[in-house]
Amino acid sequence: MIGSSAKCMAMAEEYRAKGWKASGLQCNLGDHEDLEKCFYDALALLGGELNVLVNAAGIQRRSPSEDFPLQDWLDVININLTAPFLLSRLAGKQMIKQGKGGKIINIASMCSFFGGSTIPAYSASKGGVAQLTKAMCNDWAKYGITVNAIAPGYMDTPMNTALTDPSNPRFKEISDRIPAGRWGTGDDMKGLTIFLASKASDYVNGAIIPCDGGYLVK
């Protein structure tokens, strides 16, 4: 696992305590040289072979579009779109070299389908993730590499604390639209991620798959 905080290190330790083999690497995904170094460090920990890449890091900044700070735009695009591009490019080269195919899983968003509000950089980055997924699928399918994306719906995570506050009118508005009757959690992402990382999904490629409790179709 590569992460920008100590959280990934603690998670790796938690997995090891359960008897699983896991390693953590702390990396500044916004620093392109550090990102590349960490990729190759991770590859070495994996014994020099890469089968699956999941691009799951993301940040959020909120401000009206007319006042959205340029630095916030650059930061969000860098982490949410440029970092997945760079990591996928490195992974794609490695998987092509190995000649055994591979799986790349990106994390898109409901904002890959619609624009949101006060989040122009986030929406642009996640729209970009969806299109990047399709473009890389077209280039790498011939090598047996699948590139797909999961588009989470409204998730009860630290990134959404402003929205999950019941006093926020948006909380009720969003909740009322989710047919499942609840916001999603990290656990709701597990099954789809495992599917896309397995041979069961070998003929699924270039897809942007919602994991949203039915929000998109309401």
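I began with a pair of helices: helix 3 and helix 4 are roughly parallel to each other, a label for angles under 35 degrees. Helices here are DSSP runs of H or I with at least four residues, strands are runs of E with at least two, and both are numbered from the N terminus.

I noted the source: this is a predicted model, where local features need pLDDT of at least 70, side-chain atom pairs count only at pLDDT 80 or more, and totals for chains, interfaces and linings use all residues. Residues are numbered from 1 along each chain, and side-chain values use heavy atoms, without hydrogens and water.

I looked up the geometry next. The axes of helix 3 (residues 70-98) and helix 4 cross at roughly 15 degrees and come within 8 Å; axes are lines fitted to C-alpha atoms, for helices over the stretch in contact, with angles from 0 to 180 degrees between N-to-C directions.

I then checked which residues meet (heavy atoms within 4.5 Å). Among them are W73, F85 and I96 in helix 3, and Y122, L132 and W140 in helix 4. By class, I found 15 nonpolar, five polar and two charged residues in this contact; Ala, Val, Leu, Ile, Met, Phe, Trp, Tyr, Cys and Pro count as nonpolar, Asp, Glu, Lys and Arg as charged, and the others, Gly among them, as polar.

Four strands form an open sheet in the order 3-4-5-6, with parallel pairing; a pair needs at least two DSSP bridges. The edge strands are strand 3 (52-55) and strand 6 (208-211).

Technical notes
Parallel < 35°, antiparallel > 145°, perpendicular 65-115°, else oblique.
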